[in-house]
Amino acid sequence: VDDLARANRIDVVEIRMTENCESLSPQRRPHANPLHTVGVYEQVSVPPRMVALLDLDRSEAELRSALDEDCRSAVNKARKMGLAFRSDSGEGLDLYHRIHTDSWNRTAGHAHAREHFEGMYRMLDGEKTIRLFFAERDGEAIAAVMHHVYKDSVFYYGGCSLEAAKTLKGNNFLLYESIMWAKAEGYKTFCVGLSDCCPGIS
């Protein structure tokens, strides 16, 4: 990992334990360091809440009631403003990368090259395991989100948005509608990863 980071001039490496590996979760083993065997020692810091894992067997009403008031209000506002939820219709990765570039250059300082996502698709057999969704206003995409799917679970990877999405609550809308999509498709769990490393990027 160190060699790859130096070769690619990477400042931060974030490693997430799989959320389905309950025996190593911080809640059960707060003092365990599962990365010890690969040479990571004192530098590890585990946030008190690494992920939010949603049970999609719950009803839509139950899932909605679990949202905090601000989030429910944001989703309602987005719907009133006419936002539409759609899945990838063929131009997916190109469109996702355009929005990603705008978003990350605006908020994080630099965006990933398209090759970053192309490599992800190659390594993960992306046509089967990656899902892209977009929030649209008047037929124009203003926000995008990428999820990974595996067996009966959906894992949030990352999101991005244009400036207009902030006032239209596009990110809240997109994530909520993604959860409803996953439920309708028969998935059992939806994982939203949390990170203290780079807040506010997506």
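Here are some questions and answers about the predicted model shown above.

This is a predicted model in which local features need pLDDT of at least 70 and side-chain atom pairs count only at pLDDT 80 or more, while totals for chains, interfaces and linings use all residues. Residues are numbered from 1 along each chain as its sequence is written, and side-chain values use heavy atoms, leaving out hydrogens and water.

Q: How many helices and strands are in the protein?
A: Let's start with the counting rule: helices (H or I, at least four residues) and strands (E, at least two) are DSSP runs, numbered from the N terminus. The elements run α-β-α-α-β-α-α-α-β-β-β-α-α-β from that end. The protein has eight helices and six strands.

Q: Are helix α3 and helix α8 roughly parallel or roughly perpendicular to each other?
A: Axes here are lines fitted to C-alpha atoms, for helices over the stretch in contact, and angles run from 0 to 180 degrees between N-to-C directions. The axes of α3 (residues 69-80) and α8 (residues 170-184) come within 8 Å and cross at roughly 95°. Angles under 35 degrees count as roughly parallel, over 145 as roughly antiparallel, 65 to 115 as roughly perpendicular and the rest as oblique. The two helices are therefore roughly perpendicular.

Q: Which residues of α8 make the contact with α3?
A: Contact means heavy atoms within 4.5 Å. On the α3 side, the residues are Cys-71, Ala-74, Val-75, Ala-78 and Arg-79. On the α8 side, they are Asn-172, Phe-173, Tyr-176 and Glu-177.

Q: Is the pair of Trp-181 and Tyr-187 stacked or tilted?
A: Rings of Phe, Tyr and Trp (its six-membered ring) pair if their centres lie within 6.5 Å; planes under 30 degrees apart count as stacked, over 60 as edge-to-face and the rest as tilted. The centres of Trp-181 and Tyr-187 are 5.7 Å apart and the planes are at 40°, so the pair is tilted.

Q: Does Asp-138 count as buried or exposed?
A: Asp-138 is found in the loop between β3 (130-137) and β4 (140-150), and has a positive phi of about 55° although it is not a glycine. Buried means under 20% relative accessible area, exposed over 50%, partly exposed in between (1.4 Å probe, protein chains only). At 71% relative accessibility, Asp-138 counts as exposed.
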